[in-house]
Amino acid sequence: GCHSRMGGNDNKFNYWFVNKTMKVTPTSHPDVLLIEPDVFADARGFFMETYHVGKFAAAGLPTEYLQDNHSRSSRGVLRGLHYQLEHPQGKLVRLVNGEVLDVAVDIRKGSPRFGQWVAVTLSAENRRQLYVPPGFAHGFCTLSEQADFLYKCTDIYTPGDEYGIAWDDPALAIDWPDLDIQLSDKDKRYPVLSECRHLPEYRAG
């Protein structure tokens with residue numbers, strides 16, 4: 001029949017499987033992590049795990065995500081820089097179509113790296129993921145004609161708990177791509193970081 005059952009020592013197999021970790025690399029900010037899953041490719045296509053509770057736990061990444069989101073954007077669309085206070089979200093982000101420049105900014109009051117930003121190119125081709133912790137502002141700019149952006153969140157979206165920072169804050173001087181930037185009306189109105197009255201607190205450790 002079509003159903004197969006693995007013989008032998010199943011426990012030994014499961015132990016190996018859980019402890020075979022994906023590649024996790026700190027970016028220029030040690031709290032923002034780049035994740036490169038193992039990709040198994042052949043003439044038919046490819047297979048990869050985008051989330052595995054055991055591998056994430058072994059790498060020190062959060063294992064509980066309460067909401068998955070999917071957004072589609074055209075070239076030059078910039079979404080951000082967004083953050084939450086009452087229900088801060090850690091975000092595990094990746095692309096299934098197209099390419100973006102993904103940006104995370106440390107905005108935690110008291111952080112030794114306050115105002116430091118990280119920019120990483122994520123694409124469907126490179127299959128990389130980025131983990132952006134709670135307490136960071138997050139945004140991205142679409143580089144391709146179209147991009148489908150997936151992200152897992154460690155907390156649910158709560159209406160009214162929406163905050164943001166101006167994408168072009170001169171004090172941050174984020175190196176955005178030279179494109180015809182398209183913003184939502186809400187994103188156009190966000191203040192620069194120095195004028196933000198409500199920011200998350202830094203907690204060491």
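Start by selecting His52, in the loop between strand S4 (45-48) and helix H2 (53-58). Helices here are DSSP runs of H or I with at least four residues, strands are E runs of at least two, and both are numbered from the N terminus. This is a predicted model, where local features need pLDDT of at least 70 and side-chain atom pairs count only at pLDDT 80 or more, while totals for chains, interfaces and linings use all residues. Residues are numbered from 1 along each chain as its sequence is written, and side-chain values use heavy atoms, with hydrogens and water left out.

**Around His52**

Stay on His52. Its relative accessibility is 14%, so His52 counts as buried.

Next, select Glu49 and Lys55. They form a salt bridge, with the closest N and O atoms 2.9 Å apart. A salt bridge is a side-chain nitrogen of Lys or Arg within 4 Å of a carboxyl oxygen of Asp or Glu. Glu49 is buried at 18% relative accessible area. Lys55 is buried too, at 7%.

**The open sheet**

Switch to a cartoon view. Look for 6 strands in an open sheet, in the order S1-S2-S10-S7-S12-S5, with antiparallel pairing. The edge strands are S1 (23-26) and S5 (67-74), and each pairs on one side only. From one strand to the next, the twist averages 25 degrees. (Axes are lines fitted to C-alpha atoms, and angles run from 0 to 180 degrees between N-to-C directions.)

Select S1 and S2 (residues 33-36). They pair in the antiparallel sense over 4 bridges. Two strands count as paired if DSSP finds at least two bridges between them. A hairpin of 6 residues joins S1 to S2. Pick Pro26 and look across: Leu33 in S2 stands opposite.

Move on to S7 (residues 91-97) and S10 (residues 129-132). This antiparallel pair has 3 bridges. Which residue of S10 stands opposite Lys91? Val132 does.

**Charged pairs**

The structure holds 11 salt bridges. Side chains of opposite charge can pair when their charged atoms come close.

Select Lys152 and Asp68. Their side chains meet in a salt bridge at 3.2 Å, N to O. Lys152 lies in strand S12 (residues 146-153) and Asp68 in strand S5, so the pair ties together parts 84 residues apart in sequence. Asp68 counts as exposed, at 52% relative accessibility.

Now go to Glu162 and Lys186. Here the salt bridge is 2.8 Å, N to O. Glu162 lies in the loop between S12 and strand S13 (163-164), and Lys186 in helix H3 (residues 185-188), so this pair ties together parts 24 residues apart in sequence. Glu162 is partly exposed at 35%, and Lys186 is partly exposed at 37%.

Then select Asp31, Asp106 and Arg108. Salt bridges that share partners join them into one network.

**Last stop: confidence**

Color by pLDDT, the predictor's confidence in each residue, from 0 to 100. The protein averages 90, and 89% of the residues score at least 70. Now select residues 3-19. Their pLDDT stays under 50, and the model has 7 contacts for them beyond four places in sequence. (Contact means heavy atoms within 4.5 Å.) Where pLDDT is low, the predicted coordinates should not be read in detail.

Key:
Buried means under 20% relative accessible area, exposed over 50%, partly exposed in between (1.4 Å probe, protein chains only).
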